[in-house]
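Subject: Structure handover

Hi,

Here is the structure I said I would pass on. Have a look at it first, and then read on for what turned up.

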Amino acid sequence: MAKKMGRRARKFAKKNLQSVMKRKRKLNALFQKKFAPRRAQSDSPEESKNLKNDMQTPVDPEQEILDGIVSTNPFGDLFIKEDDDSAADASDSDGYLSEDPECPYISEDEEESCPEEMCKDVVLLEQNTEINQRLKNQKRKLSKLCKKDPQFSKFLESRRSEFLKSKSEEIYSDDEGDTSSMDDEYIVGNEISQVSKVITSSTVDVWCWLVMEQPNWPGLANLLNAFRAACHYGLDTGEVSPVKIANREVFCKILTFVLSEAKRIFCGLLRISGFSNKETILKMKNKPEWKTTRSLIKSFLRSSLFLLNQETDNQILVFVLSQIRLSILLFSAFPSLTKKLIKISIHLWVTGDKDLSASSFLILRDIASEFSLDNIDTCLTKGFGAFIANSKFMKPQNIEHIEFLENSVVELYSLDIQKSYQKVLMSVQQLASILRLALKTKEKDELKKIHSWQYINCISLWVKFVSCNYKNHDLEQLLFLIIGVIKGIAHLFPGPRYLPLRFKCVKMLNQLSFSSGVFIPVESLLFDCLEIRGTNNAEGTKLKHLDLALLLKVPNQLLKSQDFQQASVLSAIKLLAEHLSQWCYHVSFPDLATIPLILLKRFHENTSIESVRRPVKRFIDQVQQNSDFIQRKRDEVSFSPKDKESVDSFLQLEKCDRSVAFTKFYDNMLQNALA
């Protein structure tokens, strides 16, 4: 029987072992923290570098998000697939290109050093020294524990051997065919000179001029090596580089020129006018120009992906994405690089700010519309999964971002309805099965799945998808399935405490009714708020503004407050006006408005809250006025209600002109809400 580890050994393992650290990273990913190393120059000793390799594994933020979906999303697992190339993202490139020995270099001594740059380098050096010292202390503690507890030492050795074995495997092999003829285009580590050539600003200026004057200049490989070094600038990758970036000015020059001119350079080398479609690139693969250019293109794409995965400055990321998009069809020749681009774009799309999210989405949309079916499926699958993982909470700070993500997913799924319809149908069926189980068992855990933001946002996503595509595609089966799910949610949670949830259900039903023209009764879901009897707030204090759009369930302390009653009544009037405005020209409007008018008049007589009485009275007057108008017009016609064509053509001229007073009342209500 194996001897148990000592107390100190267990404490150390709990804090520092690889499996524990990996679990912590996954948990942190659920709170949308972006993991990316800071740019800092580092010249760590060999001893500390070995310790870092033993105790850490490369962090893949995109994979962490997907791992979090599997553990936290009970209704999105239909879309989650395991990736066979997850480890490939940890690598950065195949290596440096073989350089032109006659390429001109301008010595570093010929340029003046920048004092400010030197000061920053000194600060970074001090930080690196401090980090190295902490690593040495950590290794010293680990050695003491290993000597004290042999079993713990054997355990660490077994885990270390497994890690080194997995890391030594070839993780960057491509599926594009036989690449053995290309291997000699790259330099292996032991062939690189130990003395790196320093790239100065003058050297970059000369190289850029030569490339602009001579597109077939042999020194282009030198420029791409410098671009690769710039993408790794400030990072300690542990590899020997043939070139070294002198300062940040050189870094900016190389990135700006290569990213801006890459499309023109590669089009000149391939002797084509542009990248019109992916077939153009695939046809080029059989031409001799491709064989000489392939390694250059691949080096550029890999370096760009590495920069996207490591950079933390949003402005640089937006610039890189915008320039990559110009040459995005080049990725069609490298399927494995396309998968990495999708992963990185998904991560930036869900975690970036407004501009970065928009730029990342444009990349995803281009891939989904231009590339192969496998890539489209990957964009749809991971796009939906990332949306669900990041819609777990609704706050004033992220509601606009979640709405953008929702619109983006709808646009992706609308690119090809035939490919996406089955995915949407399977998702809605799974939502329906969760609802069916909750209705049957009424267990607390099952009910929590329903009144969660992930479930409601998922329903809202597919409601918007159906609303955008119903008129141009046959989505009737999907429409009625979603309507049944929404009604089931509304009836599952009665009572005033769940009014915000039912209001969201009514809003989604109104949206479906507008887009499909199908009548969906919603009045009975709104009138619970009229039965609430508000009381004055304690000690005369005024509660903060109550936004029902950010709630699914009202806290108990607010149920009988006047603030909640006022917010509920105004929200109900707005939703009822939205419902009635769709049918305000219909011949049956007087019948539709009868019960709402009776209940609203009774509420107006009984309530004493002046801030509620005025809007309710105005709404009653507008509905009554429109009902009388339709009644007069209905008395003038002679057709029967069974005459569908005559019923559909009733007041069509007024409907086109939007001349009815109730329509103007509703338009003003929308304008005030936006203001």
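Let's start with phenylalanine 251: its relative accessibility is 7%, under the 20% cut-off, so this residue counts as buried. Keep in mind throughout that this is a predicted model. Tyrosine 233, with a relative accessibility of 10%, is also classed as buried.

What about aromatic pairs, and how many are there? A search through the whole structure gives 13 of them. In one of these, the rings of tyrosine 233 and phenylalanine 251 sit with their centres 5.4 Å apart and their planes at 25 degrees, so this pair counts as stacked. The pair ties together distant parts of the chain. Tyrosine 233 belongs to the loop between α8 (220-231) and β4 (243-245), while phenylalanine 251 is in helix α9 (residues 248-270), and 18 residues separate them.

Phenylalanine 493 and tyrosine 498 make another aromatic pair, this one tilted, with 4.9 Å from centre to centre and 35 degrees between the planes. Both phenylalanine 493 and tyrosine 498 are buried. There is an aromatic cluster too, made up of Phe384, Tyr413, Trp462 and Phe465.

Back in helix α9 you will also find glutamate 249. Is glutamate 249 buried or partly exposed? Its relative accessible area is 47%, which falls between the 20% and 50% limits, so glutamate 249 is partly exposed. Glutamate 249 and threonine 200 are 49 residues apart in sequence, yet their C-alpha atoms are 8.9 Å apart in space.

Now the helix packing. Helix α14 (residues 354-370) packs against helix α16 (residues 399-414) at an angle of about 10 degrees, and their axes are 11 Å apart. An angle under 35 degrees counts as roughly parallel, so α14 and α16 fall into that class. On the α14 side the contact is made by Lys354, Ser357, Ala358, Phe361, Leu364, Arg365 and Ala368. On the α16 side it is made by Glu400, His401, Phe404, Ser408, Glu411 and Leu412. Sorted by class, the contact of α14 with α16 has six nonpolar, three polar and four charged residues.

The other helix pair to look at is α13 (residues 335-351) with α15 (residues 373-389), whose axes come within 10 Å and cross at roughly 25 degrees. That angle makes α13 roughly parallel to α15 as well. Which hand does the crossing of α13 and α15 have? The crossing is right-handed. From α13, the contact takes in Thr338, Ile342, Lys343, Ile346, Trp349 and Val350. From α15, the residues are Asn375, Thr378, Cys379, Lys382, Gly383 and Ala386. The contact of α13 with α15 divides into six nonpolar, four polar and two charged residues.

Lysine 464 has its place in helix α19 (residues 453-469). With 16% relative accessibility, under the 20% cut-off, lysine 464 counts as buried. Which residues does lysine 464 contact, leaving aside its neighbours within four places in sequence? They are Glu403, Glu406, Asn407, Val410 and Gln511. For Glu406, 58 residues away along the chain from lysine 464, the C-alpha atoms are separated by 8.5 Å.

Lysine 442 is in the loop between α17 (417-441) and α18 (444-450). Its phi is near 55 degrees, a positive value in a residue other than glycine. For context, most residues other than glycine have a negative phi.

Proline 555 is in the loop between α21 (499-516) and α22 (562-582). With a relative accessible area of 27%, proline 555 is partly exposed. Proline 555 and arginine 497 are 58 residues apart in sequence, and 7.4 Å apart from C-alpha to C-alpha.

And the overall picture? The protein chain has 27 helices and four strands. Of its 675 residues, 48% are buried. Looking at contacts in the chain between residues at least 6 apart in sequence, 78% join residues at least 24 apart.

Cheers

Methods: Residues are numbered from 1 along each chain as its sequence is written. This is a predicted model: local features need pLDDT of at least 70, side-chain atom pairs count only at pLDDT 80 or more; totals for chains, interfaces and linings use all residues. Side-chain values use heavy atoms; hydrogens and water are left out. Rings of Phe, Tyr and Trp (its six-membered ring) pair if their centres lie within 6.5 Å; planes under 30 degrees apart count as stacked, over 60 as edge-to-face and the rest as tilted. Helices (H or I, at least four residues) and strands (E, at least two) are DSSP runs, numbered from the N terminus. Buried means under 20% relative accessible area, exposed over 50%, partly exposed in between (1.4 Å probe, protein chains only). Axes are lines fitted to C-alpha atoms, for helices over the stretch in contact, and angles run from 0 to 180 degrees between N-to-C directions. Angles under 35 degrees count as roughly parallel, over 145 as roughly antiparallel, 65 to 115 as roughly perpendicular and the rest as oblique. Contact means heavy atoms within 4.5 Å. Ala, Val, Leu, Ile, Met, Phe, Trp, Tyr, Cys and Pro count as nonpolar, Asp, Glu, Lys and Arg as charged, and the others, Gly among them, as polar. A crossing is left-handed if the near helix is turned anticlockwise from the far one by less than a right angle, and right-handed if clockwise.
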